[in-house]
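I opened this notebook to keep track of what I looked up. The entries follow the order in which I went through the model.

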Amino acid sequence: MSDEPVVLINLLKVEPTKQEALIALLKQNTDTVVSTLAGWKSTRLIAARDGTNIVIYSEWETPDAVVTMRDDPRMKAFFPKILALASVDSFLGAAVLSKSRSRPTRE
């Protein structure tokens with residue numbers, strides 16, 4: 001069994017005028033619910049500059065942790081609020097490449 005985290009990607013399509021409200025809701029949800037759940041490792045929110053999309057990149061220990069998160073009553077309370085602002089498409093995956101450019105250190 002791999003100890004690589006399970007990656008959950010959520011793509012939210014939003015009207016540009018609602019992106020800021022959606023970001024605030026997602027931050028609140030991450031701070032008060034997601035980050036408290038067993039199996040959660042990290043979350044990154046990525047907002048499109050044109051205001052039309054947000055990507056939620058989160059890492060979980062196992063696929064079961066994602067199922068448990070989705071079944072949590074606190075999460076279920078957030079879903080209608082999120083869906084009132086955006087449409088959501090999601091999938092589970094695994095990172096197959098992670099690469100970055102080294103930055104020179106400052107002296």
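Which residue in strand 3 is the bridge partner of Trp40? I found that Trp60 is the partner.

Before going on I noted the ground rules. The model is predicted, with local features needing pLDDT of at least 70 and side-chain atom pairs counting only at pLDDT 80 or more, while totals for chains, interfaces and linings use all residues. Residues are numbered from 1 along each chain as its sequence is written, and side-chain values use heavy atoms, with hydrogens and water left out.

**Entry: the sheet.** I looked up the strands (DSSP runs of E, at least two residues, numbered from the N terminus; helices are runs of H or I, at least four residues). Four strands make an open sheet in the order 2-3-1-4, and the pairing is antiparallel. Pairing here requires at least two bridges found by DSSP. Strand 2 (40-47) and strand 4 (86-93) are at the edges with a single partner strand each, so one side of each has no neighbour in the sheet. On average, neighbouring strands are turned by 15 degrees against each other, direction ignored. Axes are lines fitted to C-alpha atoms, for helices over the stretch in contact, and angles between N-to-C directions run from 0 to 180 degrees.

**Entry: strand pairs.** Strand 2 pairs with strand 3 over seven bridges. The two form a hairpin with five residues between them, and Gly51 in the turn has a positive phi of about 85 degrees. Strand 1 (residues 6-14) pairs with strand 4 over eight bridges. Leu12 is opposite Val88 in strand 4.

**Entry: helices.** I then checked helix 1 (residues 19-32) against helix 3 (residues 73-83): their axes come within 11 Å and cross at roughly 175 degrees. That makes the two helices roughly antiparallel, a label for angles over 145 degrees. Helix 2 (residues 63-71) lies across strand 1, strand 3 (53-60) and strand 4, at about 40 degrees to strand 1.

**Entry: the pocket.** Which residues lie nearest the centre of the largest pocket? I listed Asn10, Ile56, Met75, Phe79 and Ile82, out of 19 lining residues. A pocket is an open set of points on a 1 Å grid over the protein atoms alone, where a 1.4 Å probe fits, with protein on both sides within 12 Å along at least five of seven lines; lining residues have an atom within 4 Å of a point. Helix 3 gives the largest share of the lining, four residues.

How values were computed
Contact = heavy atoms within 4.5 Å. Parallel < 35°, antiparallel > 145°, perpendicular 65-115°, else oblique.
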